[in-house]
Amino acid sequence: MTLPAASIQLYTLAKEFSDDPSGSLDKLAAIGLTHVEAFDFVRRPDEIRSALDASGLTSPTGHAPLLSDTLWTPDGSIPTPAPEVVFEAAATLGMTTVIDPFVAADRWLTEVGVQDIADRLNASAELAATFGLSVGYHNHAQEFIASFDGQTAFERFVSATDQRVLIELDLFWALTGGQDGPRLVSWLGDRLVAVHVKDGIAPAENPFAPGAAPFGSETLDQRRPGEGQVPLVDSLAAGEGHIKYAVIEYDNAPGDVFADIQASYDFLIDGGYAA
């Protein structure tokens, strides 16, 4: 059975990459990585492509907003460009799949809101195809707050999207949303293009739920793989033969970020979970 390819979401080293793109990518290549998942690439695709090429890396997947006027992150919001601009930048980087990383919590609380998200991503899939690209969605925990007729908002969304729309399942955030990661991986099947391999201790309450206290990435108790509560091994096993990319990510690295990335890479490669 073909193993998923190891990759890394560049948000993990956002500061280091911003300060020294080429040096940061060289360090990732020295760890053994050959793929990355680009973040905030739309405003500088040529620069990032040149840095990737120089380090011998590719970015088959990347995060960019397709469904919101602004992209939320725990550390601030980023204005979003037109989808055509996103897809042109993605094509410049040589991507195959552009993944929307976040849709605000209030839009997941009603059936109308969930259907609107699905409709928008279906339309994005049509446009992306003209660029030779596919689109996907990456979860946090807000997609699991509401349920409709026994389905979570996330499951309703997946069911309402075209089969061409792919899913990247963040296993830490799925657990934070009270979900059984292996079950979700199995249920998604061929729709699952990637998983975010992220461990830690789930917050006591869903931080996106109505009335929850404000939070930032620095409040998250994230740990190296195997040191937290996330069922990484069982989830990766459940997706055997379907997952294309096992993507390392820390929203809040517990120590030296490159040492933590190395630990995640070793977990994937030495454990036989990725190649």
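Which residues does Val247 touch, not counting residues up to four places away in sequence? The views below begin with that residue, and the model they show is predicted.

**View 1. Val247 and the residues around it.** Val247 has its place in strand 14, which covers residues 245-248. Leaving aside residues up to four places away in sequence, Val247 touches Ser7, Ile8, Gln9, Glu37, Glu168, Ala194, Val195, His196 and Val197. Is Val247 buried or exposed? Its relative accessibility is 0%, and buried means under 20%, so Val247 counts as buried. Look for His35 too: His35 and Val247 are 212 residues apart along the chain, yet their C-alpha atoms are separated by 9.0 Å.

**View 2. Helix 2 packing with helix 3.** Here you can follow helix 2 (residues 21-31) and helix 3 (residues 45-55), which pack at an angle of about 40 degrees with their axes 9 Å apart. Helix 2 passes helix 3 in a right-handed crossing. On the helix 2 side, the contact is made by Pro21, Ser22, Leu25, Asp26 and Ala29, while helix 3 brings Glu47, Ala51, Leu52 and Ser55. Sorted by type, the residues of this contact are 5 nonpolar, 2 polar and 2 charged.

**View 3. The largest pocket.** The space in the largest pocket comes to about 380 Å³. It is lined by 24 residues, and the closest to its centre are Tyr11, Thr12, Leu13, Ala14 and Lys15. Helix 1 (14-19) and strand 5 (76-79) each supply at least two residues of the lining. Helix 1 gives the most, with 5 residues. By type, the lining divides into 10 nonpolar, 7 polar and 7 charged residues.

Key:
Residues numbered from 1 in each chain as written. Predicted model: local features only at pLDDT ≥ 70, side-chain atom pairs only at ≥ 80, totals over all residues. Heavy atoms only, no water. Axes fitted to C-alpha atoms, helices over the stretch in contact; angles between N-to-C directions. Helix = DSSP H or I, 4+ residues; strand = E, 2+ residues; numbered from the N terminus. Left-handed = near helix turned anticlockwise from the far one by under 90°. Contact = heavy atoms within 4.5 Å. Nonpolar A, V, L, I, M, F, W, Y, C, P; charged D, E, K, R; others polar. 1 Å grid on protein atoms, 1.4 Å probe; cavity = no way out; pocket = protein on both sides within 12 Å on 5 of 7 lines; lining within 4 Å. Points joined across faces, edges and corners; volume = space filled by probe spheres on them. Buried < 20%, exposed > 50% of the residue type's maximum accessible area, 1.4 Å probe, protein only.
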